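Thanks for coming, everyone. Let me put the structure up and walk you through it.

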Amino acid sequence: MQIRSETQLNPVADEVAAVTAIVRPILHGLLFALKDEAAADAGGRKNLLLRQLPRVRRPGDGDCGICFEYAVHDALNRRDAAVMERVSDALKLCRIGINSDVTSILFGAEKSGSQDLIDTAASTLTKDSSLMYGTRGRPVLLKAHLNRIAAAFRRPTARANLPQSIGGVWKADLFIGGSQADKWVGTTVKINPSQLESAKGLRVGIVPTREGLSDAVRQDEKRNLIVCPVPYDASFMETFYLAWETVQQFIFADARLPKEVALPRPAQRTVARYLADRRDFTVSDVIDALAVLAQPELLETEEDQADVVALKSAERSTNSVLAPEPRRV
């Protein structure tokens, strides 16, 4: 699986220029996420016209990327000090004493039927890896239940096969822990804190910090979750989603200027007009042309390949992930 990380280098200046800057990698990501056969039928990626994109692209739940989830996962595995500090505090509240040993496993179960452990080696978990679920009782052996957890995501009837103590762990986005202690916790990651949900087997809820609100790692007794706010630049994420929305509405409008109700913000309509005016040019040429109009040095692009361990054989609908990351101070 291809991972494209778009890292913010400078503060957002002019909104139109910033949205334009982020639209470019989004278009690039959509172009290279197309199935090879579909792209070839349209003349190849190099020759694909912008107006052809809505007709060859099939929307998938991974198009925008795992975004915040992947950014948190990546930050942990890169040992990002700010995120590591907060998550280590959360794990201490889970009575797991892990410091520099923190590791993240990104658990992705797609609607197409494939269940994957992304960006982790099969050897990360051992037969003795324990899943700590926050209530009394013997910890569950995580590796022994991975296939059941994956099946539970796809089929409600399969959820009865999970131990009652972890009946909702199939909702986990990450498993975080450490190979030295070999203890792990099911973790839900939400960019909107109001969407945090409790479930048996989930122990930690990771959300972005919000300006003016407490960023303390705390125990939420009602949800039985350790809520862990991590540093994340809301202004950059807002601009990213404005750009994503602009591209989505442009494609939905068959590569024409969307109605005002679809894109009411002037900055978005300006960028959508940039695209509509260039619908008869190739996607690659449009990406290049927009570089002149984009905020310079806003983003740095890095590409990497993530290892994928399939838990169930099926066609994977998500072949690439676009992960926005805020400025590293």
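The accessible surface of the protein comes to about 15,700 Å², and carbon and sulfur atoms hold 48% of it. Those areas come from the Shrake-Rupley method with a 1.4 Å probe, and for residues only the protein chains shown count as cover. A word on the source: this is a predicted model, where local features need pLDDT of at least 70, side-chain atom pairs count only at pLDDT 80 or more, and totals for chains, interfaces and linings use all residues. Residues are numbered from 1 along each chain as its sequence is written, and side-chain values use heavy atoms, with hydrogens and water left out.

Now the overall picture. The protein has 329 residues, and 51% of them count as buried. Buried means under 20% relative accessible area, exposed means over 50%, and partly exposed is in between, with a 1.4 Å probe and protein chains only. There are nine helices and 13 strands. Both are DSSP runs numbered from the N terminus: helices are H or I with at least four residues, strands are E with at least two. What about contacts, meaning heavy atoms within 4.5 Å? Of those in the protein with a separation of 6 or more, 67% are between residues 24 or more positions apart.

On to the cores. A nonpolar core is a set of buried Ala, Val, Leu, Ile, Met, Phe, Trp, Tyr and Cys residues joined through side-chain atoms within 4.5 Å. The largest one has 30 residues. Which members touch the most others? Val 23, Ile 26, Leu 27, Leu 50 and Leu 275. Four helices each supply at least two residues of this core: H1 (15–33), H7 (234–252), H8 (266–276) and H9 (283–290). H1 gives the most, with eight residues. Take Leu 275. Setting aside residues up to four places away in sequence, Leu 275 touches Val 23, Leu 27, Leu 50, Phe 250, Val 286 and Leu 290. There is also a second, separate core of 24 residues, including Val 72, Ala 75, Ala 90 and Val 189.

Next, strand S6, residues 174–178. Why is S6 described as largely enclosed by the rest of the structure? Because five of its five residues are buried. Both faces are covered. Leu 174, Ile 176 and Gly 178 are buried on one side, Phe 175 and Gly 177 on the other. S6 pairs with S7 in the antiparallel sense, over five bridges. For pairing, DSSP must find at least two bridges between the strands. Gly 177 stands opposite Trp 184 in S7. The two strands form a hairpin with four residues between them, and Asp 182 in the turn has a positive phi of about 60°.

Stay with S7, residues 183–189, for Thr 188. Thr 188 counts as buried, at 3% relative accessibility. Beyond its neighbours within four places in sequence, Thr 188 contacts Asp 173, Leu 196, Glu 197, Leu 202, Val 204, Gly 205, Ile 206 and Leu 225.

That brings in Asp 173. Asp 173 sits in the loop between helix H6 (142–154) and S6. Buried or exposed? Asp 173 is buried, with a relative accessible area of 15%. Glu 69 is 104 residues away along the chain, yet the two C-alpha atoms are separated by 7.1 Å. Apart from neighbours within four places in sequence, Asp 173 is in contact with Glu 69, Ile 105, Leu 106, Phe 107, Thr 187, Thr 188 and Val 189.

Arg 95 is not a glycine, but its phi is positive, about 65°. Arg 95 lies in the loop between helix H5 (81–93) and strand S2 (102–109). Arg 95 is exposed, at 77% relative accessible area. Ala 255 also has a positive phi, near 60°, without being a glycine. Ala 255 is in the loop between H7 and H8. Ala 255 is buried, with a relative accessible area of 0%.

Another loop residue: Gly 137, between strand S4 (130–131) and strand S5 (140–141). Gly 137 is exposed, at 52%. Gly 137 and Ser 165 are 28 residues apart in sequence and 8.3 Å apart in space, C-alpha to C-alpha.

Last, a ring. Arg 159 lies over the face of Trp 170, at 3.7 Å from the ring centre. The test for a charge over a ring is NZ of Lys or CZ of Arg within 6 Å of the ring centre and within 35 degrees of the ring normal.

Terms used. Contact means heavy atoms within 4.5 Å.
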